[in-house]
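Subject: Structure for you to look at

Hello,

Here is the structure I said I would pass on. Please open it first, then read my notes below it.

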Amino acid sequence: QVQLVESGGGSVQAGGSLRLSCTASGYTYNWYCMGWFRQTPGKEREGVATFRSGTASTYYADSVKGRFTIPQDSAKNTLYLQMNSLKPEDNGTYYCAVRPRRFDGICSRPASSAYTYWGQGTQVTVSS
């Protein structure tokens, strides 16, 4: 049983920082994509950043490039979302997700429909 458990959401003023954590268990694939998505009411779930196993390459949406990073701790099976210089438009519920991929598969430009397993979500509120 794959489980993704997120933590670290909260409220912060614009310009501040938050770090989200996503700890995975029960996942045995060697080749996978793991990512962070966010959603606000009335909008589609947006891919924010992804991590590709094997090469450890990363992808960031243009809206967060230069402000967000996704460090990972393989010993803890944890992927983080470090969010700096937060803006009110970063408000939303943040989800982590994981999916298997082919050996030569890519993880950039994530589509939420392609992801198999999801965490429960954690709320991020940025006030101006």
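Predicted model: local features only at pLDDT ≥ 70, side-chain atom pairs only at ≥ 80, totals over all residues.

Asparagine 77 lies in the loop between strand E8 (72-73) and E9. Its phi is positive, about 50 degrees, although the residue is not a glycine. Most residues other than glycine have a negative phi.

Serine 85 also has a positive phi of about 50 degrees and is not a glycine either. Serine 85 sits in the loop between E9 and strand E10 (92-100). With a relative accessibility of 42%, serine 85 counts as partly exposed.

Next, the strands. Which strands does E3 pair with? Strand E1 (residues 3-7) runs antiparallel to E3, and 5 bridges join them. Strand E9 (residues 78-83) is also antiparallel to E3, with 6 bridges between them.

Is tyrosine 29 buried or partly exposed? It is partly exposed, because its relative accessible area is 42%. Tyrosine 29 and proline 100 are 71 residues apart along the chain, while their C-alpha atoms are separated by 6.4 Å.

Regards

Terms used:
Residues numbered from 1 in each chain as written. Heavy atoms only, no water. Buried < 20%, exposed > 50% of the residue type's maximum accessible area, 1.4 Å probe, protein only. Pairing = 2+ DSSP bridges. Helix = DSSP H or I, 4+ residues; strand = E, 2+ residues; numbered from the N terminus.
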